[in-house]
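Trainee: I'd like to understand how charged side chains get their labels. Can you walk me through some cases?

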Amino acid sequence: MVPSFDVLARAAMETLRISLPTIVEAAAGTLTSETCDRRLDEWSRTLVRQAGISVEVTGKENLAPGEAYVVMSNHQSHYDIPVLYQSLRIPLRMVAKKEIFQIPFMAGAMRAAGFVEVDRKNRESAIRTLESARDGLHQAVSIWIAPEGTRSRTGRLGSFKKGGFHLARQTGLRILPVSIEGTRFALPAGGLTVTRGATAHVTIHPPIDPKAFEGERLDGLMSTVRATIVSALPPELAG
């Protein structure tokens with residue numbers, strides 16, 4: 001693998017390239033979900049190519065055509081997001097911490113596209129935001145959330161927060177667990193240099209229906225999703 005110092009700058013330019021027309025079209029009232037899907041696909045494909053990441057995916061048969069999910073995965077790197085887009089190939093929006101929404105241009109485009117802003121420091125506010133998130137999205141659009149709440153600095157799976165599980169229970173959407181391994185070698189949490197040539201292994205697991213846990217505390221659902229994600233990670237990353 002080869003370190004590259006200009007990849008992040010090129011990724012920022014690509015992000016700006018799709019953000020500006022998205023903001024303009026949103027202001028004009030002409031922005032569509034389909035346009036956002038197309039731009040996000042182009043953006044993620046370009047970022048994966050620029051970083052030289054090879055993506056290996058197993059479990060695509062677990063995706064039901066046309067179904068929307070609450071997608072949950074472990075979180076190793078900023079490159080998890082473009083890798084997920086290229087692996088799942090479904091209409092998808094992200095839950096992101098409010099700090100991301102302070103970035104000029106990018107923030108406006110994310111809001112226009114239906115990305116969800118969450119204040120991780122205010123648990124009750126975060127849960128309310130997540131529970132109302134689906135109202136602003138087309139019914140065929142899935143939503144991704146990292147149940148760890150942030151990227152792991154070591155690659156080890158961290159403890160899970162309850163927000164996304166409340167969202168699944170409130171909406172009745174099935175949870176789609178996804179395991180990601182290898183993006184940390186391209187860009188670890190806190191890293192400023194992309195190392196080209198990493199391989200991302202993505203495992204799409206069978207969906208888990210929160211209705212099967214009705215009448216129970218969230219702990220059982222959370223433990224089941226966590227064990228599923230862990231099952232495709234190396235033992236040293238199990239947390």
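Mentor: Here we go through some salt bridges in this predicted model.

Trainee: How many salt bridges turn up in the whole structure?

Mentor: A search of the whole structure gives 10 salt bridges.

Trainee: Take R38 and E42: what makes that pair a salt bridge?

Mentor: The closest N and O atoms of R38 and E42 are 3.4 Å apart. The cut-off is within 4 Å, so the pair counts as a salt bridge.

Trainee: And where do R38 and E42 lie?

Mentor: Both sit in helix 2 (residues 33-50), four residues apart, which is about one turn of the helix. The pair also belongs to a network of salt bridges linking E14, R17, R38 and E42.

Trainee: Why is E42 called partly exposed?

Mentor: E42 has a relative accessible area of 22%. Buried means under 20% and exposed over 50%, so E42 falls in between and is partly exposed. R38, with 43%, is partly exposed too, and R45 gets that label at 38%.

Trainee: Which salt bridge does R45 make with D41, and how do you know that it is one?

Mentor: The N to O distance between D41 and R45 is 2.6 Å. D41 and R45 are four residues apart in helix 2, about one helical turn.

Trainee: What about D41 and R89?

Mentor: Their side chains meet at 3.2 Å, N to O, so within 4 Å this is a salt bridge as well. The pair links distant parts of the chain, 48 residues apart: D41 is in helix 2, while R89 is in the loop between helix 3 (80-88) and strand 4 (92-97).

Note on methods
Residues numbered from 1 in each chain as written. Predicted model: local features only at pLDDT ≥ 70, side-chain atom pairs only at ≥ 80, totals over all residues. Heavy atoms only, no water. Helix = DSSP H or I, 4+ residues; strand = E, 2+ residues; numbered from the N terminus. Buried < 20%, exposed > 50% of the residue type's maximum accessible area, 1.4 Å probe, protein only.
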